[in-house]
Amino acid sequence: CAFGGTRRPIVQLAMLLDYAAALPSLLLGLGYALELGPALPPSALVCAVLAFVALAAGWRYDAPRHYMALHGAWHLFGAAAGYEL
(Lines give C-alpha, C1' and ligand atoms only; values in the text may rest on other atoms or scores of the structure.)
Protein backbone atom coordinates (compact mmCIF):
# COMPACT_ATOMS: atom_id res chain seq x y z
CA CYS A 1 0.00 0.00 0.00
CA ALA A 2 1.39 3.42 -0.93
CA PHE A 3 0.31 4.91 2.38
CA GLY A 4 1.85 2.18 4.50
CA GLY A 5 0.23 -0.28 6.80
CA THR A 6 0.75 -1.69 10.26
CA ARG A 7 4.50 -2.04 9.66
CA ARG A 8 5.13 1.72 9.49
CA PRO A 9 6.83 3.03 12.65
CA ILE A 10 4.27 5.80 13.23
CA VAL A 11 1.43 3.29 12.94
CA GLN A 12 3.19 0.91 15.30
CA LEU A 13 3.61 3.74 17.82
CA ALA A 14 -0.10 4.57 17.59
CA MET A 15 -0.98 0.90 18.06
CA LEU A 16 1.33 0.66 21.08
CA LEU A 17 -0.36 3.67 22.67
CA ASP A 18 -3.78 2.23 21.88
CA TYR A 19 -2.93 -1.13 23.44
CA ALA A 20 -1.29 0.56 26.44
CA ALA A 21 -4.44 2.58 27.06
CA ALA A 22 -6.62 -0.51 26.62
CA LEU A 23 -4.70 -2.60 29.14
CA PRO A 24 -5.96 -0.81 32.28
CA SER A 25 -9.54 -0.98 30.97
CA LEU A 26 -9.14 -4.68 30.32
CA LEU A 27 -7.71 -5.37 33.78
CA LEU A 28 -10.34 -3.29 35.59
CA GLY A 29 -13.14 -4.85 33.55
CA LEU A 30 -11.83 -8.33 34.20
CA GLY A 31 -11.58 -7.62 37.91
CA TYR A 32 -15.13 -6.31 38.00
CA ALA A 33 -16.40 -9.30 35.99
CA LEU A 34 -14.74 -11.67 38.45
CA GLU A 35 -16.38 -9.84 41.35
CA LEU A 36 -19.78 -10.32 39.74
CA GLY A 37 -19.30 -14.08 39.68
CA PRO A 38 -22.54 -15.82 38.68
CA ALA A 39 -24.24 -12.43 38.22
CA LEU A 40 -22.02 -11.77 35.18
CA PRO A 41 -24.32 -11.06 32.23
CA PRO A 42 -23.79 -13.64 29.46
CA SER A 43 -23.99 -10.83 26.92
CA ALA A 44 -20.88 -9.24 28.45
CA LEU A 45 -18.98 -12.49 28.03
CA VAL A 46 -20.14 -12.86 24.41
CA CYS A 47 -19.07 -9.29 23.60
CA ALA A 48 -15.70 -9.82 25.30
CA VAL A 49 -15.05 -13.00 23.31
CA LEU A 50 -16.01 -11.24 20.07
CA ALA A 51 -13.67 -8.37 20.97
CA PHE A 52 -10.79 -10.80 21.50
CA VAL A 53 -11.54 -12.59 18.22
CA ALA A 54 -11.54 -9.27 16.36
CA LEU A 55 -8.26 -8.27 18.02
CA ALA A 56 -6.58 -11.59 17.20
CA ALA A 57 -7.89 -11.51 13.63
CA GLY A 58 -6.43 -8.03 13.24
CA TRP A 59 -3.03 -9.41 14.16
CA ARG A 60 -3.40 -12.06 11.46
CA TYR A 61 -5.05 -10.00 8.71
CA ASP A 62 -3.08 -6.77 8.72
CA ALA A 63 -3.80 -5.36 5.27
CA PRO A 64 -4.83 -1.73 5.91
CA ARG A 65 -8.57 -2.08 5.25
CA HIS A 66 -8.86 -5.45 6.97
CA TYR A 67 -6.95 -4.18 9.96
CA MET A 68 -9.02 -1.00 10.26
CA ALA A 69 -12.27 -2.96 10.15
CA LEU A 70 -11.09 -5.58 12.64
CA HIS A 71 -9.51 -3.04 14.97
CA GLY A 72 -12.70 -1.01 14.86
CA ALA A 73 -14.69 -4.15 15.69
CA TRP A 74 -12.36 -4.73 18.65
CA HIS A 75 -13.20 -1.26 19.98
CA LEU A 76 -16.94 -1.67 19.39
CA PHE A 77 -17.20 -5.13 20.95
CA GLY A 78 -14.95 -4.10 23.84
CA ALA A 79 -17.13 -1.06 24.52
CA ALA A 80 -20.24 -3.26 24.31
CA ALA A 81 -18.71 -5.67 26.83
CA GLY A 82 -17.99 -2.78 29.19
CA TYR A 83 -21.52 -1.47 28.74
CA GLU A 84 -23.00 -4.88 29.48
CA LEU A 85 -20.96 -5.12 32.67
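User: Which residues make up the largest nonpolar core?

Analyst: Happy to walk through it. In this predicted model, that core has five residues: Ala-51, Ala-54, Leu-55, Ala-73 and Trp-74. Helix 2 and helix 3 are the elements that give two or more residues to this core, and helix 2 supplies the largest share, three residues.

User: What does Ala-54 touch, beyond residues up to four places away in sequence?

Analyst: Ala-54 touches Leu-70, Ala-73 and Trp-74. Ala-73 and Trp-74 are also listed in the core.

User: Why is His-71 called buried?

Analyst: His-71 sits in helix 3 (residues 64-84). Its relative accessibility is 14%, and buried means under 20%, so His-71 counts as buried.

User: How do you know that the side chain of His-71 makes a polar contact with the side chain of Asp-18?

Analyst: The two side chains come to 2.5 Å. A polar contact needs a pair of N or O atoms within 3.5 Å, one able to donate a hydrogen and the other to accept it, so this pair qualifies. Leaving aside neighbours within four places in sequence, His-71 is in contact with Asp-18 and Tyr-19.

User: And what makes Val-49 partly exposed?

Analyst: Val-49, in helix 2 (residues 42-60), has a relative accessible area of 47%. Buried means under 20% and exposed over 50%, so Val-49 falls in between and is partly exposed.

User: Why can Val-49 belong to a nonpolar surface patch?

Analyst: Patch residues need over 30% relative accessible area, so the 47% of Val-49 passes that cut-off. Leu-45, Val-49, Phe-52, Val-53 and Trp-59 make this patch of about 540 Å².

Methods: Residues are numbered from 1 along each chain as its sequence is written. This is a predicted model: local features need pLDDT of at least 70, side-chain atom pairs count only at pLDDT 80 or more; totals for chains, interfaces and linings use all residues. Side-chain values use heavy atoms; hydrogens and water are left out. Patches are made of residues with over 30% relative accessible area and no salt bridge: like charges are joined within 9 Å, nonpolar side chains (Val, Leu, Ile, Met, Phe, Trp, Tyr) within 5 Å. Accessible areas come from the Shrake-Rupley method with a 1.4 Å probe; for residues, only the protein chains shown count as cover. A salt bridge is a side-chain nitrogen of Lys or Arg within 4 Å of a carboxyl oxygen of Asp or Glu. Helices (H or I, at least four residues) and strands (E, at least two) are DSSP runs, numbered from the N terminus. Buried means under 20% relative accessible area, exposed over 50%, partly exposed in between (1.4 Å probe, protein chains only). Contact means heavy atoms within 4.5 Å. A nonpolar core is a set of buried Ala, Val, Leu, Ile, Met, Phe, Trp, Tyr and Cys residues joined through side-chain atoms within 4.5 Å.
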